[in-house]
Amino acid sequence: MKKAGLIICLLLLIGCKSKTISRDTEDLKIKKISSSEINSNQQQKAYELGKRVLETCNTSKFKPFNETEVTASVRENTTEERLTKTCQRFRQYYGSFIDLKLDGVYKTKQEIVYRYRALYTKKIANKELRVFVNEDNLVSSIKSMDWDEKFDSKLTEQ
């Protein structure tokens, strides 16, 4: 009986193949766009929303996003509690937030990415903020991360 159970288990394991997921490489490509191609209204919106998030660290007050500015998932994930937790860490390490400096605008298949250098009072701060705007002109993601000096060298040529 034990042998039969062992054989069945082995047959089940052999019969289960891992699925290969094919991904369209076009979805992963990102290219820098020229300043003449940038929508100035969209750029201003990305700047203002990104700055609103980081200024929360200075004022401890956050004006919630509305449905004409960001997607539902961004509204749900950008809460005052989550921002407060992040802000405490940022203020401790980097000081007060000063401003955002646009470093480049990039295009993927479905989004425009605004890449900002976040400026803080402490000179050791080396952070960036990426604001993703979808086809509906809504901010679909806001990400803060360490500054990546080699970002442009990773871009795909088109």
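Colleague: Which residue follows α2, and is its phi positive or negative?

Modeller: Helix α2 is followed by S60, and the phi of S60 is positive, near 60°. A word on labels: helices (H or I, at least four residues) and strands (E, at least two) are DSSP runs, numbered from the N terminus. This is a predicted model, in which local features need pLDDT of at least 70 and side-chain atom pairs count only at pLDDT 80 or more, while totals for chains, interfaces and linings use all residues. Residues are numbered from 1 along each chain as its sequence is written, and side-chain values use heavy atoms, with hydrogens and water left out.

Colleague: How many helices and strands are there in the chain?

Modeller: The chain has four helices and five strands, and along the sequence they come in the pattern α-β-α-α-α-β-β-β-β.

Colleague: What caps the N-terminal end of α2?

Modeller: Here you look for a polar contact: a pair of N or O atoms within 3.5 Å, where, within protein, one must be able to donate a hydrogen and the other to accept it, and residues adjacent in sequence count only if both atoms are side-chain atoms. The cap of α2 is N39, with a side-chain oxygen 2.9 Å from the backbone nitrogen of N41.

Colleague: Which residues of α2 are buried?

Modeller: First the scale: buried means under 20% relative accessible area, exposed over 50%, and partly exposed in between (1.4 Å probe, protein chains only). The buried residues of α2 are Q42, K45, A46, L49, G50, K51, R52, V53, L54, T56 and C57. They pack against α4 (80–94), β2 (97–107), β3 (111–120), β4 (127–134) and β5 (139–146). In α4, the buried residues are L83, C87, F90 and Y94, and their cover includes α2, β3, β4 and β5. For the whole chain of 158 residues, 35% count as buried.

Colleague: How many disulfides does a search of the whole structure find?

Modeller: A disulfide is a pair of cysteine sulfur atoms within 2.5 Å, and the search finds one. C57 and C87 form it, with their sulfur atoms 2.1 Å apart. The pair links distant parts of the chain, 30 residues apart: C57 sits in helix α2 and C87 in helix α4. The link is left-handed, with -75° about the S-S bond. C57 is buried at a relative accessible area of 6%, and C87 is buried at 7%.

Colleague: What is R91 in contact with, leaving aside its neighbours within four places in sequence?

Modeller: Contact means heavy atoms within 4.5 Å. R91 is found in helix α4 and meets C57, N58 and S96. A polar atom of the R91 side chain lies 3.2 Å from the backbone oxygen of C57. R91 counts as partly exposed, at 37% relative accessibility.

Colleague: In which sense do β4 and β5 pair?

Modeller: Two strands pair if DSSP finds at least two bridges between them. β4 and β5 pair in the antiparallel sense over seven bridges, and K127 stands opposite D146 in β5. The two strands form a hairpin with four residues between them, and N137 in the turn has a positive phi of about 60°.

Colleague: Is E128 buried or exposed?

Modeller: As background, in a regular strand the side chains alternate between the two faces of the sheet. E128 is found in strand β4 and is buried, with a relative accessible area of 1%. The side chains of E128 and R130 are joined by a polar contact of 2.5 Å. Residues that E128 touches, not counting those up to four places away in sequence, include R115, R117, K143 and D146.
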